[in-house]
Amino acid sequence: MIKPVRLAVFLSGTGSNAEKIFSYFKNHSTIEVAIVLSNSPQAAGLQRAVKFNLPTRVFSKTQFRESDKVLAWLKEAEVTHLVLAGFLWLIPSNLVLAYPHHIINIHPALLPKFGGKGMYGNKVHEAVKAAGERETGITIHEVNERYDEGKVLFQGKCPIHPKYSVEQIAEQVQRLEHAHYPRVIEQWVNEPK
Ligand code: GRF
């Protein structure tokens with residue numbers, strides 16, 4: 001029998017990508033969101049999860065980095081894959097070891113450019129603009145113990161004009177994210193690892 005795919009979605013903030021994922025897999029025949037986790041009780045993405053009747057968990061830095069609490073929740077929910085959707089903390093080695101090649105992230109630029117610690121949200125788009133780039137985009141990649149360094153699974157590009165504001169760049173990139181992330185997750189979980 002094929003093992004059902006059960007996703008854990010990690011988020012730290014708005015959760016617009018997470019919502020696209022909840023919606024895409026809501027009535028999916030083989031893949032479901034099993035649990036939604038956050039480091040921040042204020043994360044708007046948690047409210048979105050509640051609207052989809054998904055169980056949520058919040059954890060502290062100590063629980064995340066220095067205990068197996070989160071891993072225990074994942075095991076209890078029979079999670080098979082971890083999906084990072086705007087999650088800001090580095091994934092600790094206990095989770096990387098428990099889910100090798102089974103953790104995915106989305107980054108709002110064309111890695112390896114504009115990645116690494118501290119490169120998130122508008123900081124990325126500001127750096128892209130300051131560098132005078134003529135295109136930007138999204139990178140969906142596997143996660144290891146270093147920021148933004150796992151195997152690249154998908155990149156999508158969009159042209160940018162030097163006159164674009166940071167907000168305009170962000171808007172273009174977000175459109176790409178919403179259009180591609182759920183579909184790339186669907187393909188990735190079905191690929192042999
Ligand atoms: C996205 O730009 C994603 O690429 C990055 O964090 C942002 C999250 O946005 N990792 P949202 O919370 O999904 O709206």
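Guide: Start with a term: two strands pair if DSSP finds at least two bridges between them. Keep in mind that this is a predicted model.

Now use that term. E1 and E4 run parallel and are joined by four bridges. One of these links can be named: valine 9 has valine 83 in E4 as its bridge partner. On to the next pair. Strand E4 (residues 81-84) and strand E5 (residues 103-107) also run parallel, with three bridges joining them. Here leucine 82 has isoleucine 103 of E5 as its bridge partner. Leucine 84 is bridged to asparagine 105, again in E5.

Stay with E4 for a moment. In a regular strand, side chains alternate between the two faces of the sheet. In E4, His81 and Val83 sit on one side, and Leu82 and Leu84 on the other. All four are buried, so both faces of E4 are covered.

Next comes the helix, H7.

Look at one residue of H7. Histidine 178 lies in this helix, which spans residues 166-190. Is histidine 178 buried or partly exposed? Its relative accessibility is 21%, so histidine 178 counts as partly exposed; the cut-off for buried is under 20%. Leaving aside neighbours within four places in sequence, histidine 178 is in contact with Ser16, Asn17 and Lys20. Compare isoleucine 91: histidine 178 is 87 residues from it in sequence and 23 Å from it in space, C-alpha to C-alpha.

Helix H1 (residues 16-25) packs against H7 at an angle of about 45°, and the axes are 9 Å apart. That angle makes H1 oblique to H7. Their crossing is right-handed. From H1, the contact uses Ser16, Asn17, Lys20, Ile21, Tyr24 and Phe25. From H7, it uses Gln174, Glu177, His178, Tyr181, Pro182, Arg183, Ile185 and Glu186. Sorted by class, this contact holds six nonpolar, four polar and four charged residues.

Ser16, Glu19 and Phe22 of H1 meet Gly45, Arg48 and Ala49 of H2. These residues divide into two nonpolar, two polar and two charged. Notice Ser16: it takes part in the contact with H7 and in the contact with H2.

End with another histidine. Histidine 125 is found in helix H6 (residues 122-130). Its relative accessible area is 5%, so histidine 125 is buried. Not counting residues up to four places away in sequence, histidine 125 touches Pro108, Val166, Ile169, Ala170 and Val173.

Notes
Residues numbered from 1 in each chain as written. Predicted model: local features only at pLDDT ≥ 70, side-chain atom pairs only at ≥ 80, totals over all residues. Heavy atoms only, no water. Helix = DSSP H or I, 4+ residues; strand = E, 2+ residues; numbered from the N terminus. Buried < 20%, exposed > 50% of the residue type's maximum accessible area, 1.4 Å probe, protein only. Contact = heavy atoms within 4.5 Å. Axes fitted to C-alpha atoms, helices over the stretch in contact; angles between N-to-C directions. Parallel < 35°, antiparallel > 145°, perpendicular 65-115°, else oblique. Left-handed = near helix turned anticlockwise from the far one by under 90°. Nonpolar A, V, L, I, M, F, W, Y, C, P; charged D, E, K, R; others polar.
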